[in-house]
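Open the structure in your viewer and keep the selection tool ready.

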Amino acid sequence: MNITGLEALVFGVDDIAACTQYLSDYGLTPINVGPEGGRFEALDGTAIILARQDDPTLPASTGTASMLRKTIHAVADKATLEAIAANLMTDRAVRRLPDGSIESVDDMGFVIGFQVSQRKPLALPAEAINAPDATGRPANVPAVNEQAPAKPRALSHVVYFVPDAAKAEAFYVQRLGFTCTDRFIGVGPFLRPAGTQDHHTLFFIQTPPHMKGCEHFTFHMGGPTELMQAGSRFVAKGYQSFWGPGRHRFGSNWFWYFNSPLGCHVEYDADMDRHDDAWVAREAPMGADASQLFLFQHREKWAPGGPPPKAVAA
């Protein structure tokens, strides 16, 4: 199945105004947003879609506190869309929507959609670095630009709390062609669809049934510096840092997580590993040492000789 990544996530929220402000301050561009919700896009057009919690057009909730209502996966072409529809129709309902996409439910009860990707190609450079005797940035090009926009480039991944990680994994691997890239033993797998080399677009965390839902989602930034700039600006606007900044071990991606009014955490990430079919998945017990290579604590700006910096409240 040539699934190329995530196209959009749909949320039914209880405070449209707060979520609108949050996603705008996070760096997404509002598209046709009003009192009933709307679309918030990254630079490539991938998006978070908001609607009111009681909007009758939304898919049903998970029956828990989670506000995520639907995960929309991108596919490469119409043939892939039809192959997925045929596969899923063997044992579950598949709806065809007016926009040409399809909608169904996975084995955990999460509503999933599939559409031919509408991602816009990006012609943006990745972050460049200098190292001894290695080509990096050209001479006279500073790495630091305090006015750089630091905008989210693409929807990266979503993490689910699930009551049965093995069953969830089996559905995505056996029915939709995902591959496990790495695994936390007794917790869950990182999964990569066939149409991208990103380390993962899905990660499952085994939890009790009452916790089922979205733990976090994230968008790719252009590099670690963009991540740090975006996160620092977010903190300056009053948003609460939850975890980070730091760098994960599995996936190698830089991360910075924040609390949000969407009923889940929201992350910035950057510089994720890419894998092909030659990669052999690693396994490790879940724990602080396995989860992160290093972790920083954000503090207010400080210079030597000044008073000690104050820690930002966690």
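What follows is a short tour, one selection at a time.

This is a predicted model: local features need pLDDT of at least 70, side-chain atom pairs count only at pLDDT 80 or more, and totals for chains, interfaces and linings use all residues. Residues are numbered from 1 along each chain as its sequence is written, and side-chain values use heavy atoms, with hydrogens and water left out.

**Stop 1: the sheet**

Show the cartoon. Look for an open sheet of 10 strands, with mixed pairing. Its order is E17-E10-E11-E12-E9-E13-E16-E15-E14-E18. Strands (E, at least two residues) and helices (H or I, at least four) are DSSP runs, numbered from the N terminus. Two strands pair if DSSP finds at least two bridges between them. Strands of a sheet pair through backbone hydrogen bonds, either parallel or antiparallel.

Now select 282-285 and 292-295. These are the edge strands, E17 and E18, and each pairs on one side only. From one strand to the next, the twist averages 20°. Angles run from 0 to 180 degrees between N-to-C directions, and axes are lines fitted to C-alpha atoms, for helices over the stretch in contact.

Next, select 154-162 and 202-206. Strands E9 and E12 pair here in the parallel sense, over five bridges. Which residue of E12 is the bridge partner of Tyr160? Phe204 is.

**Stop 2**

Select helix H1, residues 16-26. H1 packs on the sheet and touches strands E13 (213-220), E15 (254-258) and E16 (265-270). Contact means heavy atoms within 4.5 Å. The direction of H1 makes about 10° with that of E16.

Then take helix H4, residues 224-236. H4 lies across E14 (241-248), E15 and E16. H4 runs at about 15° to E15.

**Stop 3**

Select strand E3, residues 37-41. Four of its five residues are buried, so E3 is largely enclosed by the rest of the structure. Buried means under 20% relative accessible area, exposed means over 50%, and partly exposed lies in between (1.4 Å probe, protein chains only).

Pro30 has Phe40 as its bridge partner in E3.

Glu41 stands opposite Ala47 in E4.

**Stop 4: single residues**

Select Leu124, in the loop between strand E8 (111-116) and E9. Leu124 counts as partly exposed, at 42% relative accessibility.

Go to Ser291, in helix H5 (residues 288-291). Is Ser291 buried or exposed? Ser291 is buried, with a relative accessible area of 11%. Leaving out residues up to four places away in sequence, Ser291 touches Phe184, Trp243, His248 and Arg249.

Last, pick Ala76, in the loop between strand E5 (68-75) and helix H2 (78-88). Ala76 is partly exposed, at a relative accessible area of 37%. Again leaving out residues up to four places away in sequence, Ala76 touches Asn2, Thr4 and Val116. Draw a line from Ala76 to Ala290: they are 214 residues apart in sequence and 34 Å apart in space, C-alpha to C-alpha.
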